[in-house]
Amino acid sequence: MRKPFLWLFVLAAWLSLPVAAFASENVTAFQLENGMDVVVIEDDRAPVVTHMVWYRVGAADEPAGQSGIAHFLEHLMFKGTETLAPGEFSSVVARNGGSDNAFTSQDYTAYFQRIAADRLDLVMGMEADRMSNLRLAEADVRTERDVILEERNQRVENSPSALFREQKSATQYLNHPYGIPIIGWQHEIRELDREAALSFYETHYAPNNAILVVAGDVTPDTVRALAEKHYGVIEANPDLPPRTRPQEPPQLAERRLMLRDGRVSQPYVNRAYLAPERDSGAQQEAAALHLLAQVLGGGQTSVLNERLQIEQKIAVQTGAWYSGTSLDQTTIEFVVVPAAGVTLAEAEDALDEVLTEFVETGPDPEQLDRLKMQLRAEEIYDRDDASGLARRYGAALTSGLTVEDVQAWPDLLQDVTAEEIVAAAKRVLDHQSSVTGQLLAPEVTQ
């Protein structure tokens, strides 16, 4: 019985320490002379490394009328350089026992490889090569455009939920490009061409618009030497445009959305409110909103689950989420999937009742303490995932945050009070800046 007791004692000791003490350990940041930022996360428990390059450009930075160009270029980055044939990049990574991929969001585009630590020089050299030497054949561009159109068909056109989310985002944002889908509108994807892709590439893919994140069995000195060797020789773009976007005007009217689709088998109601993002040096309100979403709909012990699923049996599923890592205004959202025999209107009324009552009474103190303990434990366990840490820092830094902001976040969550959560709820849960959507099957006609 001594070992389990000892383990619990050690865990309790860990949980009693400030989380930032864990988060800041073995993280080093510096900048190359050409403006490229570098973050190194040391973890020598396995001889592997995750190498990521993040560009401070995403779908919300696209020229008007060229929706989807950021995602399109992400695909085209695998089409080769002067020294690599199309597809050869991934083949070389695979032959060396690694894996690679890329992804695009509204605020960033990222490329990564996970490979043995002694192959870091190899993948860094190839990634630096395509940062400055991309070559695109007209035939490859046409073929990849067709691939993306088919991807949109499969992931969006063939999914009522995806179509619903797309329409809801377009309704949420009156002026900001977050209302435009990352993959792009179908009619604009069809018009994307080689010239548009190369223009976007030459404008945004430069070391002074990029962040290198390396996590795993490495040292800062090794990463610095390799980064200077491969990336340091690439010239900065002196004409890099400022990252300015159209911003939201005051939202003065509640909006409602209804999408009927014959493929819908389970209707649901979704409510989204415009909300502030995490800002560098001022993350307190975002921390309160994060806890608000967790308390209301973050799990089996959440308020929505206990009230609507367990007590009232109105819903078969509930949820809430807040996407705070965002360059501009984001959303806090709620979903209720009604039980059999419950209408969407009744589900929405029940959601409103819970939100109104919460603003008046605030979170249960015991529940809030349990949630904070869970978040602290998750932060410690997440340290076992070097790739996950690399993604955390990359997403934050491309969204306007700093290394210090990332390291301060866990303690900020622990310091949030019930009063701050209620105050954030009162400010954000405003119907004037909300969109309420219903996804349901077509009406049956007699």
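User: What should I know about the model before I start?

Analyst: The model is predicted, so local features need pLDDT of at least 70, side-chain atom pairs count only at pLDDT 80 or more, and totals for chains, interfaces and linings use all residues. Residues are numbered from 1 along each chain as its sequence is written, and side-chain values use heavy atoms, with hydrogens and water left out.

User: How do I read a helix, and what is the span of H16?

Analyst: Helices (H or I, at least four residues) and strands (E, at least two) are DSSP runs, numbered from the N terminus. The expected span of a helix is 1.5 Å times one less than its number of residues. Helix H16, residues 403–415, has 13 residues and reaches 19 Å from its first C-alpha to its last, close to the expected 18 Å.

User: Where does H16 bend?

Analyst: A bend is the angle between axes fitted to the seven residues ending at a residue and the seven starting there. H16 bends by about 40 degrees at Trp409, and Pro410 follows within four residues.

User: Is Pro410 buried or exposed?

Analyst: Buried means under 20% relative accessible area, exposed over 50%, and partly exposed in between (1.4 Å probe, protein chains only). Pro410 is buried, because its relative accessible area is 6%. Other buried residues of H16 include Val403, Trp409 and Leu413.

User: And what about Lys313, buried or exposed?

Analyst: Lys313 is exposed, with a relative accessible area of 56%. Lys313 is in the loop between helix H12 (303–311) and strand E9 (315–322). Its phi is near 55 degrees, a positive value in a residue other than glycine.

User: Which side chain makes a polar contact with the side chain of Thr50?

Analyst: A polar contact is a pair of N or O atoms within 3.5 Å; within protein, one must be able to donate a hydrogen and the other to accept it, and residues adjacent in sequence count only if both atoms are side-chain atoms. For Thr50, in strand E3 (residues 48–55), the partner is the side chain of Ser387, at 2.6 Å. Thr50 is buried, with a relative accessible area of 4%.

User: Which residues touch the most other members of the largest nonpolar core?

Analyst: In soluble globular proteins, nonpolar side chains tend to be buried together. A nonpolar core is a set of buried Ala, Val, Leu, Ile, Met, Phe, Trp, Tyr and Cys residues joined through side-chain atoms within 4.5 Å. Here the largest has 55 residues, and Leu120, Leu212 and Tyr231 touch the most other members. Helix H5 (residues 120–132) gives the most to this core, with six residues.
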